[in-house]
Amino acid sequence: MPDPRHQHPLLSIENLSHSTVNAEIFTSLSLHVRRGESVVLCGPSGTGKTTLLTCVLGLTRPDTGHIYVAGKNITDMSSRQLALYRRKHVGMVFQFGELLPELSPPENVALAALLAGVDRKTAYDSAERLLSELGVPLGQTPTAYLSGGERQRTAVARALITNPPLLLADEPTGALDRNTRDSVADLIFELPRKQNCALLVVTHDESLARRADRRFDLVAGRLIGAKP
Amino acid sequence: MSRQRLWWHLLRLGLAAGRNSPGGRLRFAALTVAATTMTLVFMSVLTVVATYDGWDKRDLARGAEMARGKRPVVASYKWTRDSVGNVPHQVVHVEPRSSTVAPPPGLPRWPGPGEAFLSPELLRAGAGEGIRDRYGVFAGIIQDDGLANSAERLAYVRPKVDDRRDWFGVTRIGSARSALMGDSRNRVPIGQFIATISITLGGAAMVLLIIAARCGSTVRDRRTRLLTALGGGYRHRALVNLGEALIPSSVGTVLGCVPYFVMTIWNVRLPITGFTTNSADLRSWAWAAPTAAVSAFALALLVVVTIHRDTGSTQGTQPRTFEGAIPRWRSVVGAIGLIAIVVTPYLSKVMSFLAYVGGTALLWGMLPSTAGLVIRRLGTSLANFGVRTGRSDTLIAGRWAHARPGVVVRLVSVVVIGLGVITQAQVWSSRLGESGQNAQRAHQELRDSVLIVVPQSMTPLRVDRFTGLLPKEAELLMVNTPDTPEGTTEIRGSCSTVRKLNLKCSPGPLAQDKGDVRARFLNQYVSYVGKTELREGSVLAAAKTSDRIAVILPLGSDGFSGQVKQAAYQSFGMAFVERPYDSWLLGTDNLATMATWVRLFTVLMMGILLLAVVTSSAGEFLTFTTAVAPLAVLTERRRFVMGIALWNLSAPTVIAVGFGTAVAAWQGTFFIAMTSAGTFSWTLLGTSALVALGLAGVIGLAGGLGAVQATAQWRPAAD
């Protein structure tokens, strides 16, 4: 695999500024993430890490600046274009998984593919393959009965089922115990190389941050690079 | 912070929470509807009080005190009964005896000889029977101040007669010492009426209020615990909850007052019962409306504050992912109830009644559990269908229905039991006593083919005039009632009339039992105890000795009674005309009126309960859909939650309507067949089913739109 540093970035955030009525969240923020690379965004709670993720998802429109994903400026996109962009380019892992507890793991994973327009057979086949690869038991057991680690692995599988080039994770291990956290973290940080995708993780967990190729801290609305 | 500022701050906090919390709009709508309903109940009670008060005042004003002793007589009255169709009304025959006495209230003047004043409702209902000219020249309508209520059927008639035997001397008009007249004779006591409203509509409104207050309770329970953890007391939590409920409760209270104020401007005819409210009555009690409205408003706030106490437990408020298993014995008990109903025809009278009531209670009581089992099965099938076809909405709706059937079960149970209760209330209240049933049968056989005329005074000349005014198909028989009940009643008629009754004409007494049904009924009707003899003879000759006339029309003919009554009044000045079965048939009118009120209350009560369940289901559905929001937003398929709502809420309700209609129809017709009494109203069941189907759509749309909105607002948030 070529060195990511010599590729064009998949995600380019350029001079992004955003503020709310009460406060300025970030100012002239720039960040680039390439395929095969993992980047961690650290910082204490309330510094705007999750807001930055919602900007990348196209759910929040920044005041100024641009966000390019696969060469396309998403800040200029219409709602319709943004919807297509999210379906094709982004996968997201949430802190609490955000799975439907009544559905089985294959159903939870296949659901994302079905909603993205993938046909039924492909969706279920891919879901089962991904879950097997990630070590999640298949079958019809409702997700509610899985362990925390298994649930988060299912959430990762769901994020990957549409083969998104950009994977976002918001405190993906925040709700897990130490052992489970390590195994899920191993899994997530292997993905850029295995799936050739770009990974942007938001966390305040130092042990998680150490696993990334690059790490930035969001302090007072500015990014401070801690790792090259 | 000063106490006053804290008070204001907490109230504002609640107001803000109401606007911004998840599902806030649904809760706002639910609380508004609940406060509206509760205010409507309070206003209904006020309407009853105002109506009874006005009714009492008018009763007092029109009450005619009969002359006793040497008190001067100012007028003569005679009360008789008449009917339009099968609904009876009172005819008050009047004759002023003093030039200074004022006419009864509602009349601009005393009617002139041969004139009649009619109530608007009588004029409207009797238009098809020519009621306007029945009692003489129409002099005008009786104004509202002379009527017990605006829907009363009443006539004041001043007949052109000289003979006023059996009339009563009246010493004063406007006395409490008077006999009740018109609708006042069948009036339900006010306490009974208010108790019925309070229990049925008030109870249902309270259920709705509690459910609305609990709608979206997860967020508020969390807030309650947070306030407790921060050291807030009951008063602080109450202030926040009050703030949250203040606006919807206010809006609901104002909306709930609107119908009362509309009724203070116009008279309003109530559905099903046909009762018309009197705007003047309601205006005179409008001063109490703010008190009633504030009471309803205070009750709404009290419920909101009371049910959000901190219980100290989180177990009862957190939504559970999976509900526990439903014990099978409940379905078995339900099946036993069904068997009990089916075997009723084979039991003794008392046992069959007990089996029917007990069986119905068991069947309906266990229905939610059976429905739970069915919903779980159907949920699995629906989810499997979703897996097979790749449909996301059916997959999720099916899995939810299987995991938590409670939401759907409550909806389904209220629909099925509601349709059952409405049908049962209808069939039970349509039952008549044995004499009522006989009267119904007689009515179906005879219709207007035998009419008995009792003139005030009869002469051959008047009979001749009467004959000339009758339809050409009519034949007359003269009836001479003996002085003693045991004596022989003589009936005389021409040979052609006798033959039309399928009897042979001969000089001696005729064998009436060999004649057709008209002859047999006539025989039974004209004499209660003594013998009856039908003889051939001249009608005009018999007129001198007879006191009644039987008008015979072709068997089964209908619609002649109006013409015969008008002819009788014109010919005899005053007459009482009835069909042989009228005294029994019209006696059931009171029961029929009660039945319409029972039906109205049942329909309203079930409507409110259905609204409560719709609110509850939509609220719980919203809790479910927050789970789908992240996926729906990321894949930008926000509208698929609408599909989930329709599959999860509307589809089971539609099935429930079909099932409930079938069960209600079976049980209702079974009851009619078992008791051989009453009638089954397919119209009522059909209308109720259509309303329930409409609500099935509304619930799906309400849940779906709420979920689409909640999904659209979802954003990842750091926790």
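**Exercise 1.** Which residue lies over the face of B:Trp55, and at what distance from the ring centre?

*Solution.* Start with the rule: a charge sits over a ring if NZ of Lys or CZ of Arg is within 6 Å of the ring centre and within 35 degrees of the ring normal. B:Arg187 lies over the face of B:Trp55, 5.0 Å from the ring centre. Likewise, B:Arg164 has its charged end over the ring of B:Trp167, at 5.6 Å from the centre.

The model is predicted: local features need pLDDT of at least 70 and side-chain atom pairs pLDDT 80 or more, while totals for chains, interfaces and linings use all residues. Residues are numbered from 1 along each chain as its sequence is written, chains are lettered from A in the order in which they are written, and side-chain values use heavy atoms, without hydrogens and water.

**Exercise 2.** Find the aromatic cluster that contains B:Trp55.

*Solution.* Rings of Phe, Tyr and Trp (its six-membered ring) pair if their centres lie within 6.5 Å. Over all chains, the search gives 16 aromatic pairs. One cluster is formed by B:Tyr52, B:Trp55, B:Phe193, B:Phe275, B:Trp597 and B:Phe601.

**Exercise 3.** Describe the interface of chain B and chain A.

*Solution.* First, count contacts (heavy atoms within 4.5 Å): 30 residues of chain B touch 31 residues of chain A.

Next, look for salt bridges (a side-chain nitrogen of Lys or Arg within 4 Å of a carboxyl oxygen of Asp or Glu). The rule finds one across this interface. A:Glu107 and B:Arg399 form a salt bridge, with their closest N and O atoms 2.4 Å apart.

Then turn to helices (DSSP runs of H or I, at least four residues). Helix 10 (349-389), helix 11 (392-403) and helix 21 (629-634) of chain B each give two or more residues to the side that touches chain A. Helix 11 of chain B gives the most, with six residues.

Terms used
Phe/Tyr/Trp six-rings, centres within 6.5 Å; stacked < 30°, edge-to-face > 60°.
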